[in-house]
Amino acid sequence: MAAVNPLLSTSGLSLNFGGLKAVAAVDFALEAGEVFAIIGPNGAGKSSLVNLITGRYQPSAGQVVFEGQDITKLAEYQRVRRGLAYSFQITSIFPGMSLRENVALAAEAHHVGKGGNAGKGANAGKGANAATQTLAVLNKVGLAGRADEMAGALSYGHQRWLEIAMGLALAPKLFIMDEPTQGLSDHEVEKFCDLVKMIRRDTSILLIEHNMDVVMNLADRILVMELGKKLALGSPREIKANLDVQRAYLGSSDVKP
Ligand SMILES: Nc1ncnc2c1ncn2[C@@H]1O[C@H](COP(=O)(O)OP(=O)(O)OP(=O)(O)O)[C@@H](O)[C@H]1O
Ligand SMILES: [Mg+2]
């Protein structure tokens with residue numbers, strides 16, 4: 001099922017590291033409103049693919065199209081401004097700052113350059129509004145009551161919720177999450193799934209995930225990668241039944257569909 005007007009699409013997207021084809025001519029399209037998952041064994045090229053989408057890496061070949069526009073040559077920050085948010089590649093919070101400051105900084109990164117006046121006098125009247133927005137996103141992840149605590153004092157799981165809040169502060173059209181449940185307890189994984197179900201009402205989501213229960217629970221469609229290539233693409237039901245996918249995971253210790 002190809003999207004007619006996809007939010008995001010890639011065509012022939014490739015990335016070589018020397019002789020290694022980390023991403024090999026990958027085509028896919030994500031529709032607005034979708035939770036789209038990318039799975040595959042370790043080293044399949046999932047993070048590399050995402051890094052091409054966010055602009056961290058430049059492709060060896062191929063295109064990335066967002067809202068009908070070719071963004072392949074745009075810098076990371078330009079893509080953020082267009083509505084691409086990325087989370088979890090690294091723990092990206094500022095531990096010595098309050099939760100409120102962390103979220104405000106993320107939001108500011110979004111606004112800088114939009115009108116060219118962020119942080120200047122012209123923005124003074126927007127301060128109250130920004131503060132309300134900051135609390136609103138902290139509230140979404142259940143951390144509004146701790147807005148003035150230092151981010152570094154949060155538990156690992158709560159730091160992850162803060163990262164989600166920072167992503168939401170960007171008001172993204174597409175929220176990309178690379179292994180968001182890594183290191184979370186079972187209970188926190190459940191909470192994460194609830195969060196995604198709430199976030200998806202406003203935002204499309206691209207999820208790289210090793211936890212098959214999470215993928216099968218949340219994803220509308222799944223792209224399976226193996227050795228840089230697209231191995232399969234389909235609904236959770238289709239992917240579970242796909243023999244190529246079952247073969248790709250044989251002997252892999254991390255995931256079993
Ligand atoms: N900066 C780099 N330089 C050289 N090779 C790299 C680099 N980053 C990734 N690779 C290689 O590219 C391939 C794809 O790696 P990538 O990290 O995209 O896989 P992944 O699917 O995200 O794996 P994982 O599930 O372990 O996160 C691997 O063979 C990896 O060793
Ligand atoms: Mg990865």
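**Reading strand pairing and a helix face**

Q: Which way do strand 1 and strand 4 run, and how many bridges join them?

A: In this predicted model, strand 1 and strand 4 (residues 61-66) run antiparallel and are joined by 5 bridges; within this pairing, Ser 9 stands opposite Val 65 of strand 4.

Q: In which sense does strand 1 pair with strand 2?

A: Two strands count as paired if at least two bridges are found between them. Here strand 1 (residues 8-17) and strand 2 (residues 20-30) pair in the antiparallel sense over 7 bridges, with Val 23 in strand 2 as the bridge partner of Leu 15. The hairpin that these strands form has 2 residues between them, and in it Gly 18 takes a positive phi near 60°.

Q: Which residues of helix 6 are buried?

A: A residue is taken as buried under 20% relative accessible area and as exposed over 50%. In helix 6 the buried residues are Glu 188, Val 189, Phe 192, Cys 193, Leu 195, Val 196 and Ile 199. They cover an arc of only 160° around the axis, so they lie on the same side of helix 6. The face turned away from that buried side carries the exposed residues Asp 186, His 187, Glu 190 and Asp 194.

Q: What do the buried residues of helix 6 pack against?

A: Their packing partners include helix 4 (127-140), helix 5 (156-168) and helix 7 (212-218), together with strand 3 (35-39), strand 7 (174-178) and strand 8 (204-208).

Key
Residues numbered from 1 in each chain as written. Chains lettered and ligands numbered in written order. Predicted model: local features only at pLDDT ≥ 70, side-chain atom pairs only at ≥ 80, totals over all residues. Heavy atoms only, no water. Buried < 20%, exposed > 50% of the residue type's maximum accessible area, 1.4 Å probe, protein only. Helix = DSSP H or I, 4+ residues; strand = E, 2+ residues; numbered from the N terminus. Arc of directions from axis to C-beta. Contact = heavy atoms within 4.5 Å.
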